[in-house]
Amino acid sequence: MAAHPLRCAAVALACMACATAPAQTPGDAADPGTPPSGEPLVVNGCPIWPYTRCPGADLRHASLVGKNLAGADLRGANLTRADLRGANLAAANLEGADLTGARLNKATAANTDFRHARIVGADLEGARLMRSDFSGAQFIGSNLEMARFNNAWFVGTRFIGNDLQETKFAATNLKNAVFEGNFVRYTLFTEAAMDGCQGCQESWK
Amino acid sequence: MRNTLLFTAALAALAASAAQAFQPFTPQVDASALPPAAHTWAEPNPLRGNPDAIAIGRQAFNQTCAHCHGADANGSRSPAPDLRRMGLGCKRIGDEALRQRCLADTDAFFIKSVRYGKQKFGITHMPPWEAVLSPELVWSLRTFVENTPLR
């Protein structure tokens, strides 16, 4: 009976060793987003680090999960089906970028420039997008559930067939925006400016 | 609802007045020790590692930037971002060419922010400094900030 606690401890230690072993050998194929040497990821000539300057970069299908791209210059970049879950895009410039099918779940993109961006079939569930500028952009068939757009601007932005369940549009500028066929259960429009908005409902105010 | 509106308006006015009350001005520093080659807006930082630039940058920083970014660049309790964190990750990069490119990217963002300031939706969060700060002085600010450890 006395051997039991010892055996348990040994098993526990062995398990801990198992769990920590992959972390001690960087370069294993465990995380495809990290190059073997521990050096920064470079995708099609675009280095992935804060303030990187890659206007027009080809980042299609890139795995950028949790990457820090704060202040990055990604104007006109092609981010089709890019995986940006949990990534940091704060203060970045994505003007005219293509985010078709991109995954931005829980990403941080506060104070980011998304003017004239194409956001089609993208997943922005739970993303933090406060104070960003989406003027002239289009959201088509995207999941914006629980996304926080507080204080963002949507001048002339088109929202067609999106899931806006619990999406926060508090204190946003929706001037001349267009809303058509969206799912708006529990969506918040508190103190939003809606002058010239097509499809904005009286009940939203 | 009205209270929230009033509070928001008061906050916005406060923030706007704080930014507007702080007008850009030329700091009183002797920058004669800086090489004339540094008189350029082009990155990378021409004064990187220059001890004179660190000393001059510190003086200039405490006169012009410290108001929002903290004395001696200690931005841990300041309203504006802690600039010591800019480009920290670059220093860990082993590949020389990649490290230089990373630092140049950070330099470009720093210079752009100082020259043109930070305006968003008609609110000036930081005024433009291009008219009152010479390029060599801005590079010495950058040199000081990147040589100031986080603690």
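Modeller: First a term: a disulfide is a pair of cysteine sulfur atoms within 2.5 Å. The model is predicted, so local features need pLDDT of at least 70 and side-chain atom pairs 80 or more, while totals for chains, interfaces and linings use all residues. Residues are numbered from 1 along each chain as its sequence is written, chains are lettered from A and ligands numbered from 1 in written order, and side-chain values use heavy atoms, without hydrogens or water.
Colleague: How many disulfides over all chains?
Modeller: The structure holds 3. In chain A, with bonded cysteines numbered in sequence order, the pairing is 1-2, 3-4.
Colleague: How far apart are the sulfur atoms of A:Cys46 and A:Cys54?
Modeller: They are 2.1 Å apart. That link is right-handed, with 85° about the S-S bond.
Colleague: And which hand has the disulfide of B:Cys90 and B:Cys102?
Modeller: Its S-S torsion is about -70°, so it is left-handed.
Colleague: Are B:Cys90 and B:Cys102 buried or exposed?
Modeller: Both are buried (under 20% relative accessible area; exposed is over 50%, partly exposed in between; 1.4 Å probe, protein chains only).
Colleague: What about B:Cys65?
Modeller: B:Cys65 is in no disulfide; the nearest cysteine sulfur belongs to B:Cys68, 9.1 Å away. B:Cys65 counts as buried at 16% relative accessibility.
Colleague: Switching to packing: which residues touch the most other members of the largest nonpolar core?
Modeller: A:Leu79, A:Leu84, A:Phe134, A:Phe149 and A:Phe179, out of 53 residues. Such a core is a set of buried Ala, Val, Leu, Ile, Met, Phe, Trp, Tyr and Cys residues joined through side-chain atoms within 4.5 Å.
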